[in-house]
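Subject: Structure handover

Hello,

Here is the structure for you to look over. My notes on it follow below.

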2 protein chains.
Amino acid sequence: MNDSQTPSYRPLYQQIKEALLSRIVSGDWPPGTFIPSESALSQEYGVSVGTLRKALDDLASDHVVIRYQGKGTVVATHDNDRSLFQFFHLTRLDGTRSMPISRVLLRQSRPATVEEAETLELEVEAEVVHIRRVRELEGVPALLEELVVSAARFPALEKEPETLPNTLYQLYQQRFGQSVAKAEERLFAVAAGPPEQKQLGVALGSPLLEIRRVARNLQGEPLELRISRCETQHHCYFNEL
Amino acid sequence: MNDSQTPSYRPLYQQIKEALLSRIVSGDWPPGTFIPSESALSQEYGVSVGTLRKALDDLASDHVVIRYQGKGTVVATHDNDRSLFQFFHLTRLDGTRSMPISRVLLRQSRPATVEEAETLELEVEAEVVHIRRVRELEGVPALLEELVVSAARFPALEKEPETLPNTLYQLYQQRFGQSVAKAEERLFAVAAGPPEQKQLGVALGSPLLEIRRVARNLQGEPLELRISRCETQHHCYFNEL
DNA sequence: GAGTGGTCTAGACCACGTA
DNA sequence: ACGTGGTCTAGACCACTCG
């Protein structure tokens with residue numbers, strides 16, 4: 001994936017791609033705005049339309065921008081349907097999706113644990129915001145979620161309005177200028193403990209699906225560590241290969 | 001994904017892509033062979049190199065062919081490293097992969113259950129081959145796998161040499177001309193039963209990760225139903241979003 | 001050096017959305 | 001009617017592999 005070697009040759013379209021990406025990251029083109037047309041950009045950078053096009057196509061396949069024929073190219077947001085479902089793999093048994101409804105149980109600021117600091121690449125005991133919530137699918141509590149972000153990167157997140165939006169990533173993007181661009185998930189099977197017993201109404205020790213996700217921004221820096229525990233009687237984690 | 005609408009307009013490169021795909025499916029170009037060069041194919045089909053190139057790039061991103069600069073374009077096989085790992089998402093906790101070692105416990109031909117017939121799109125009680133095996137990771141039994149395929153599509157599979165290869169998909173491809181091109185996986189958390197207790201050495205009722213996979217060929221027809229139950233103390237299911 | 005895929009160009013036309 | 005992205009062309013040169 002990463003070339004630590006000096007590439008000794010770097011295609012023009014990749015340089016253009018980087019230039020465009022840096023303008024997006026810098027806030028020059030905020031999420032949701034239309035960027036200049038292909039021909040305008042190709043003139044600005046002094047390259048052919050085809051080369052600029054390849055750069056934009058690359059960004060589109062990375063979900064950084066979305067192209068609409070006849071309209072233009074827009075910087076991706078987290079309220080686009082496609083973007084919403086990029087990070088939510090829990091579906092009904094037949095593969096259809098449904099929107100979860102969230103209820104926040106805990107919101108606090110505290111020092112990071114060693115594991116959290118390491119994962120989020122923070123100083124030891126740096127301040128983090130910790131949120132715990134239950135998410136319902138089809139009206140049934142299905143998920144117990146713990147999530148942790150850097151308090152420095154998301155200042156006063158714990159003081160946000162009582163009703164956090166369902167899609168936290170939208171909040172990260174709009175309030176803090178941090179777009180979740182990619183994530184890694186590790187899945188485990190674990191036994192339900194007292195918290196899950198209480199919140200999800202499952203038996204102590206019954207099997208749950210644990211999803212540990214590290215969400216990253218456009219530059220690849222870790223933004224959020226999220227641990228979800230999910231009951232899989234009515235839903236499952238769906239993945240296409 | 002699917003256009004059930006009459007498209008009323010179909011880009012040339014998509015038609016070319018289909019034509020190339022049909023030649024691969026038909027066995028005209030078997031897996032592992034190099035197909036003609038871009039310029040040769042563009043002449044044959046009477047289109048520009050750019051158009052033919054776009055068709056090939058599409059097939060490459062579908063993992064149907066693999067392109068090597070300076071060498072040529074080869075029909076994908078299941079012994080390429082990349083193809084091997086497309087369907088195997090179990091990794092060590094740090095995300096690194098290791099090759100599993102398989103031991104077959106059972107191999108029999110029998111009528112399909114209702115669920116199997118439905119999933120594999122077979123007549124009720126059509127004959128299927130059923131294989132059960134244990135797979136070891138790092139020398140520790142980690143997976144108990146049940147898999148079922150159509151006996152008509154894989155004739156005499158149950159009489160294959162005693163030592164089935166580790167990568168069954170390679171066997172499907174080489175012996176039966178069936179390439180697994182894509183798959184859907186559904187993940188659940190389940191409690192270990194007596195078989196898992198015996199084969200994996202885990203406690204009765206301990207949580208296991210269940211992976212239900214339907215593997216499909218290039219045409220999208222279901223080839224194999226596979227149910228794996230996995231212990232997640234030393235390994236996990238890894239997914240990048 | 002010959003052949004392959006990868007990049008880059010310049011320009012034409014098409015399909016789509018909006019006004 | 002106009003501007004956008006999508007397709008298609010023809011040709012040049014570059015980087016890589018191999019004999």
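Between which two elements of chain A does the loop with Glu121(A) lie? That loop runs between α5 (114-120) and β6 of chain A. Helices (H or I, at least four residues) and strands (E, at least two) are DSSP runs, numbered from the N terminus.

Before the rest, the ground rules. This is a predicted model, in which local features need pLDDT of at least 70, side-chain atom pairs count only at pLDDT 80 or more, and totals for chains, interfaces and linings use all residues. Residues are numbered from 1 along each chain as its sequence is written, chains are lettered from A and ligands numbered from 1 in the order in which they are written, and side-chain values use heavy atoms, with hydrogens and water left out.

Glu121(A) counts as exposed because its relative accessibility is 57%. The classes are: buried under 20% relative accessible area, exposed over 50%, partly exposed in between (1.4 Å probe, protein chains only).

His63(A) also has a positive phi, near 65°, and is a residue other than glycine. His63(A) sits in the loop between α3 (49-61) and β2 of chain A. With 46% relative accessibility, His63(A) counts as partly exposed.

Chain A overall

Chain A has seven helices and eleven strands. Its C-alpha trace spans about 65 × 45 × 40 Å along the principal axes. Of the 241 residues in chain A, 46% are buried. Take the contacts (heavy atoms within 4.5 Å) in chain A between residues at least 6 apart in sequence: 59% join residues at least 24 apart.

UniProt places the feature "domain: HTH gntR-type" (unreviewed entry) at residues 10-78 of chain A. UniProt positions are given in the numbering used here, feature names are shortened, and annotations may be inferred rather than shown by experiment. The span 10-78 of chain A is 51% helix and 14% strand, and its end C-alpha atoms lie 31 Å apart.

How the two chains relate

DNA strand D

How many residues surround DNA strand D? There are 23, and the closest are Gly70(A), Leu12(B), Tyr13(B), Ser48(B) and Thr51(B). Near here means that a heavy atom of the residue lies within 4 Å of the strand. Sugar and phosphate make up 81% of the atoms of DNA strand D that come within 4 Å of the protein.

Both chains supply this surface. From chain A, β2 (65-68) and β3 (72-75) each give at least two residues, as do α1 (12-25) and α3 (49-61) of chain B. α3(B) gives the most, with three residues. By class there are seven nonpolar, ten polar and six charged residues. Ala, Val, Leu, Ile, Met, Phe, Trp, Tyr, Cys and Pro count as nonpolar, Asp, Glu, Lys and Arg as charged, and the others, Gly among them, as polar.

- Tyr13(B): 2.8 Å to a phosphate oxygen of DNA strand D.
- Arg67(A): 3.3 Å to a phosphate oxygen of DNA strand D.
- Gln69(B): 3.1 Å to a base nitrogen of DNA strand D.

Two buried residues

Arg135(A) is in strand β6 (residues 127-137) of chain A. At 5% relative accessibility, Arg135(A) is classed as buried. Its side chain makes a polar contact of 3.3 Å with the side chain of Ser102(A). A polar contact is a pair of N or O atoms within 3.5 Å; within protein, one must be able to donate a hydrogen and the other to accept it, and residues adjacent in sequence count only if both atoms are side-chain atoms.

Leu223(A) is in strand β10 (residues 222-230) of chain A. Leu223(A) is buried, at a relative accessible area of 1%.

Best wishes
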